[in-house]
Amino acid sequence: MTDEAQFQAKRPVSASLAGPYGHPFHPILVTVPIGAWVTSLVFDIASHVVHRPGFLTQGSQWLIAVGVIGALLAAMVGFLDLFAIPAGTRAFRTALVHMTLNLLVTVAYAVNFLWRHSSYTSGGSVGWGRLVLSVVSLALLGLSGFLGGKLAYRYGVRVADENTQAEGYTPGARARNARPAA
């Protein structure tokens, strides 16, 4: 990547929507679907352990719904980050795979939600097919998260440039930026 391409990938397309320089919104928004979907899997597994699993089955379904909604919000901001990456670069290709996996996972969880919709009122544990779909979806999400980490930590997408980062390691920087006592 050239210096200009790296600079372009670090700046948001729209600071008001994607987050200001050095503070992207996408990484914080992805915690919602990740947390909801991991917890839904825990509920699914627990539904096979407890005596009356209906509350866990129903809770898992709604956690999946929360995750789908959160994923759609994260995707909207992620698209803005994608548009900042120059096409034809390794970072751009990695971002396309990351986006594709995330969209597949979101569709899989939406299907999982609909599949469960007719049966959660039975009070039984989560069916094995639905449980397997959740496990596979979460595994794909983990792979996508690895690629997201590669975008940020290896390619520096939406990460502050090295000069800005160096400010945190400059001795006395805190003293220069501190407010005087009132």
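**Figure 1. Burial and fold of the protein chain.** Buried residues account for 38% of the 182 residues in the protein chain. The model is predicted. Its secondary structure amounts to nine helices and zero strands. Read from the N terminus, the elements follow the order α-α-α-α-α-α-α-α-α. Contacts between residues at least 6 apart in sequence were also sorted by separation: 76% of them join residues at least 24 apart.

**Figure 2. Helix H4 against helix H5.** H4 covers residues 31-46 and H5 covers residues 54-83. The two axes come within 8 Å and cross at roughly 165°. H4 and H5 are therefore roughly antiparallel to each other, an angle over 145 degrees being the cut-off for that label. The crossing of H4 past H5 is left-handed. By class, the residues of this contact are twelve nonpolar, six polar and one charged. On the H4 side the contact includes Val32, Pro33, Ala36, Trp37, Phe43 and Ala46. Thr39, Ser40 and Asp44 of H4 also take part. On the H5 side, Leu56, Leu63, Ile64, Val66, Val68 and Ala71 are among the partners. Gly59, Ser60, Gly67 and Gly70 of H5 belong to the contact too.

**Figure 3. Helix H6 against helix H7.** H6 runs over residues 90-117, and H7 over residues 128-154. Their axes lie 9 Å apart and pack at an angle of about 160°. That angle makes H6 roughly antiparallel to H7. The crossing is left-handed. The contact of H6 with H7 holds 15 nonpolar, nine polar and three charged residues.

**Figure 4. Helix H7 and what covers it.** H7 has 27 residues. From its first C-alpha to its last, H7 reaches 38 Å, close to the 39 Å expected at 1.5 Å a residue. The leucines among its buried residues are Leu131, Leu138, Leu141, Leu147 and Leu151. Just after H7, Gly156 adopts a positive phi of about 70°.

**Figure 5. His98 in helix H6.** His98 sits in H6. Its relative accessibility is 13%, so His98 counts as buried; the cut-off for burial is under 20%. Which residues does His98 touch, not counting those up to four places away in sequence? They are His26, Ser144, Leu147, Gly148 and Leu151.

Figure 6. Is Phe113 buried or exposed? At 16% relative accessibility, Phe113 counts as buried. Leaving aside neighbours within four places in sequence, Phe113 is in contact with Gln61, Trp62, Ile64 and Ala65. Phe113 and Ile64 are 49 residues apart along the chain, yet their C-alpha atoms are separated by 6.3 Å. Ile64 lies in H5 and also belongs to the contact of that helix with H4.

Conventions. Residues are numbered from 1 along each chain as its sequence is written. This is a predicted model: local features need pLDDT of at least 70, side-chain atom pairs count only at pLDDT 80 or more; totals for chains, interfaces and linings use all residues. Side-chain values use heavy atoms; hydrogens and water are left out. Helices (H or I, at least four residues) and strands (E, at least two) are DSSP runs, numbered from the N terminus. Buried means under 20% relative accessible area, exposed over 50%, partly exposed in between (1.4 Å probe, protein chains only). Contact means heavy atoms within 4.5 Å. The expected span of a helix is 1.5 Å times one less than its number of residues. Axes are lines fitted to C-alpha atoms, for helices over the stretch in contact, and angles run from 0 to 180 degrees between N-to-C directions. Angles under 35 degrees count as roughly parallel, over 145 as roughly antiparallel, 65 to 115 as roughly perpendicular and the rest as oblique. A crossing is left-handed if the near helix is turned anticlockwise from the far one by less than a right angle, and right-handed if clockwise. Ala, Val, Leu, Ile, Met, Phe, Trp, Tyr, Cys and Pro count as nonpolar, Asp, Glu, Lys and Arg as charged, and the others, Gly among them, as polar.
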